[in-house]
Amino acid sequence: MSPTPPLPIPLKEIAARFGGELLGDSGVRITQVAPLETAEPLHLSFLAHAKFRRLLAGTRAGALIVGREARDLTTLPRIVCDNPYAYFARVSAWLNPLPAVRPGIDPAAVVHPAARVAATAYIGPLASIGCGVSVAEGASVGAGCILEEGVRVGTGTRLYPRVVVYRDCILGARGIVHSGAVIGADGFGLAPDDGQWLKIPQVGRVVIGDDVEIGANTTIDRGTMGDTIIEDGVKLDNQIQVGHNVRIGAHTAIAGCAGIAGSALIGRHCTIGGGAMILGHLEIADRVHIAAGTLVTKSVRQAGAYAGAYPFEEQRKWRRNAVQLRRLDTLARTVALLERRLEQLERTRG
Amino acid sequence: MSPTPPLPIPLKEIAARFGGELLGDSGVRITQVAPLETAEPLHLSFLAHAKFRRLLAGTRAGALIVGREARDLTTLPRIVCDNPYAYFARVSAWLNPLPAVRPGIDPAAVVHPAARVAATAYIGPLASIGCGVSVAEGASVGAGCILEEGVRVGTGTRLYPRVVVYRDCILGARGIVHSGAVIGADGFGLAPDDGQWLKIPQVGRVVIGDDVEIGANTTIDRGTMGDTIIEDGVKLDNQIQVGHNVRIGAHTAIAGCAGIAGSALIGRHCTIGGGAMILGHLEIADRVHIAAGTLVTKSVRQAGAYAGAYPFEEQRKWRRNAVQLRRLDTLARTVALLERRLEQLERTRG
Amino acid sequence: MSPTPPLPIPLKEIAARFGGELLGDSGVRITQVAPLETAEPLHLSFLAHAKFRRLLAGTRAGALIVGREARDLTTLPRIVCDNPYAYFARVSAWLNPLPAVRPGIDPAAVVHPAARVAATAYIGPLASIGCGVSVAEGASVGAGCILEEGVRVGTGTRLYPRVVVYRDCILGARGIVHSGAVIGADGFGLAPDDGQWLKIPQVGRVVIGDDVEIGANTTIDRGTMGDTIIEDGVKLDNQIQVGHNVRIGAHTAIAGCAGIAGSALIGRHCTIGGGAMILGHLEIADRVHIAAGTLVTKSVRQAGAYAGAYPFEEQRKWRRNAVQLRRLDTLARTVALLERRLEQLERTRG
């Protein structure tokens, strides 16, 4: 974690550090990043897409990050680059580093004597660290977190307050886990037996790769037999449910409130929209993009964009259309019949 | 918090306190409120809508609260008023006050020396209160809550056990936050960069107005740049996700499991049904009512009621209709063609 | 909780304990259960449905559990029984018992002097046990759990870390509650009053029967007046919201992310799919099966299977069909008109 640079910074210093073509006054001084609408003269702003160019006229930003196609849309001091949004992300991360991890174990933490906490790691107050847990160098376990026996937390990974990780689950390096996340609870494995449900023991683990972010109150269940696997670079928003034995491929991003049912296999570089549900035992190919609110009921073998939400409208119109939706099969058969009767008429006319 | 009144209470005392026209025996004695179906002779019940009048015949309630239109639907002792449900809410709040806040800091709490806790506020056991936090008069922070550095809790606000508030977020006065809520976690801000995701630092806050209630396990993300804002009088149910830089207008109520994506602006006096999803960067006008299960994919500029859920039915019927839904565009084109062929026939006949 | 048996176990010992017809080498030795795809020679696997028979050819399992119809599909040592999945569940539970509950109160727990904790129960570190709570024999309250005053936990029930149970709620025997669950928060009871919302006090409880499992981050609200009731043998997955005054009938199972709004009455032996939403005040009969993603907007009086999700497809096709869905009522009226015009033509031709 590099410390915040001394502020303000001349724009040329940013260009020197992060690259790009600098146009205009290279000495303009910057203290922070900000969106076009709210930027002030000491702020560096960005134009992520040319479609937002109408915002350029009104901005008070002192300088801009723009794409090549927007090179000449402004006369403000600017850095021209291939991916202005990524450039902005890098500058913002430099200007706004996370607070450094303070090494040490808070005296109000409860740490099992057989846990191994690296010298540069932090354990917050009221955290509970079980037998055989290992917390690697530079990792941070926030206040009130509970790591059951055998959990491993990788180098530099940060757990915000009140995360629970069940026994034997593994978190990779440089991860972020937000408050209220529960990693490794039992999957929903039940065998029907004479009108009742028998619980299937959930003896697998959750194994999480490097550079994974997990949102607040997201839950990832342990495998029934074998593991639930979250590959490197996966990003999960808040309130997501990931069932037992799911595998989420590297660099896939999933938005809030989505649910992935047990044993679904999600490819790499996918995006899944908010509130989407993927049913169990399906396979989703790499580079599949599922729109918000979609229920995925069968495997998706081809990369591409998929959707399936009911288009919203005024309630009274919705009611009329929805009534007809319940008769759609009948309507389709009526149309097929009309077509045959019309052909008949056309023939008799001929 | 007024103490519970001495019980039982004569009905006339209730009418004197809360108003309305008292009809029938004004001395009937009341100990509690109850619904019509389960009320007993010492209970005060209410008829919220005339459509429930069929329940009047069977009720054992000792007295009723009714609207003007239901004035003569019963001979039971009754208070006639404009809004019987609100009247009932007020009487119930009087008869069932929350337990008084016990001032003081539990010895098992961990409070930073630079936190300011008002003399009349309560901090529960195993709570963690960070540097620079302020907890105002009469506020209550339940067991296991974690307030990171710089958080402010307004006068009389109650946090139930195990709420997390990230650094620098602000809660107004007279609020209620239920267990498991997470306020101020990072928004889901990611810039795609060569097949991977760069994290955008989330440097804004969550700023919550007065008289706001937040349900169990609801999450409200901090702003990326600038704040996420929840205005006065907003009511959020459980398991709701509110993304970064959202603004929710005053007195809007949102039901459980709803999701509001980043930068959506929700108006005042709106209602949003359970499980509804509002996509990001949309604007919803004041007094918009979104039905449960609706996915809102574009801005709503007009007050009114909107809906968009698939109408459920028996699964075998659903399957037949859903198959046709995937062919609806083709069906519509077939119908347009039939129409033209029919016109042709009609012309040749003429 | 029986201890793990000495391993490996001859197959005949399993058949002797759990029944069924043993075919093939009865002395083959077993150490664990595993799915057909990943089983190794010391593993007992199972064929839950004959439709998975293609997996039999490639399995390396040492022995199998099969149904009567699959008796002769393999020559591997096998136990033939009526319900192979339930048989497997029983064997797995025997081979993989939960860790025994260690009796005692962790020194880092905060237990009110007026709480009653049975001698064989466990209270974990950093748990907070309120006044008047009772924890029965063999129950386990995990690290960081918070039980407010008056809560009762039945015999042998296990609360994983960081469960919150609000005051006076009751949990039956042999239950399991996963981390982050919140039982007994206030229901979402609001009376509109002149543009603002009045809170209705929530004075009921949550009463949970025996053998109930509750998933991670699931929330069950207390009743407004009267109780929210979860009957025996109910199984709730993660991230479910159960509103105030709901009743869920015995042996009903509900998958992740589902929501049950206030005062809904769900029958016995129902299944509700992931992400389904049941609106308030509805009644669902016994043995009703709701598909994933379905919004149930009216009562279901008949047992059977119901569904109502929009069928997903490629986004560009979805867009075309969804546009037509907004015109479906018009289309239906066009078809009705075409039908009349065609009849007219047919008559004039005759």
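**Exercise 1. The relation between the copies**

*Solution.* The structure is a predicted model, in which local features need pLDDT of at least 70 and side-chain atom pairs count only at pLDDT 80 or more, while totals for chains, interfaces and linings use all residues. Residues are numbered from 1 along each chain as its sequence is written, and chains are lettered from A and ligands numbered from 1 in the order in which they are written.

Step 1. Superpose the copies by least squares on the C-alpha atoms of residues with pLDDT of at least 70 in both; pLDDT is the predictor's confidence in each residue, from 0 to 100.

Step 2. For chain B on chain A, the turn is 120 degrees, the shift 0.0 Å and the RMSD 0.1 Å.

Step 3. As to confidence, chain A has a mean pLDDT of 96, with 99% of its residues at 70 or more. The model has an ipTM of 0.96 and a pTM of 0.97.

**Exercise 2. The contact of chains C and A**

State how many residues each chain gives to the contact, and describe the side of chain C.

*Solution.* Step 1. Count residues in contact (C-beta atoms, placed from the backbone, within 7 Å): chain C gives 63 and chain A gives 61.

Step 1. Assign elements, which are DSSP runs numbered from the N terminus: helices (H or I, at least four residues) and strands (E, at least two). Helix 4 of chain C is the leading contributor to this side, with ten residues.

Step 2. Sort by class: 31 residues are nonpolar, 20 polar and twelve charged. Here Ala, Val, Leu, Ile, Met, Phe, Trp, Tyr, Cys and Pro count as nonpolar, Asp, Glu, Lys and Arg as charged, and the others, Gly among them, as polar.

Step 3. Look for strand pairing between the chains (at least two DSSP bridges). Strand 39 (residues 304–307) of chain A pairs with strand 40 of chain C, antiparallel, over two bridges. A:Tyr306 has C:Glu314 as its bridge partner.

**Exercise 3. The contact of chains B and A**

Describe the side of chain B that touches chain A, and find the strand pairing.

*Solution.* Step 1. Chain B places 61 residues in contact with 63 of chain A. Helix 4 of chain B gives the most, eight residues.

Step 1. The classes on the side of chain B are 33 nonpolar, 20 polar and eight charged.

Step 2. Strand 40 (residues 313–314) of chain A runs antiparallel to strand 39 of chain B, joined by two bridges. The partner of A:Glu314 is B:Tyr306.

**Exercise 4. Asp72 of chain C**

Is C:Asp72 buried or exposed?

*Solution.* Step 1. Locate C:Asp72 in the loop between strand 6 (63–67) and strand 7 (78–81) of chain C.

Step 1. Apply the cut-offs to the other C-beta atoms, placed from the backbone, within 10 Å: buried at 20 or more, exposed at 12 or fewer, partly exposed in between. C:Asp72 is exposed, because 10 other C-beta atoms lie within 10 Å.

Terms used: Contact = placed C-beta atoms within 7 Å.
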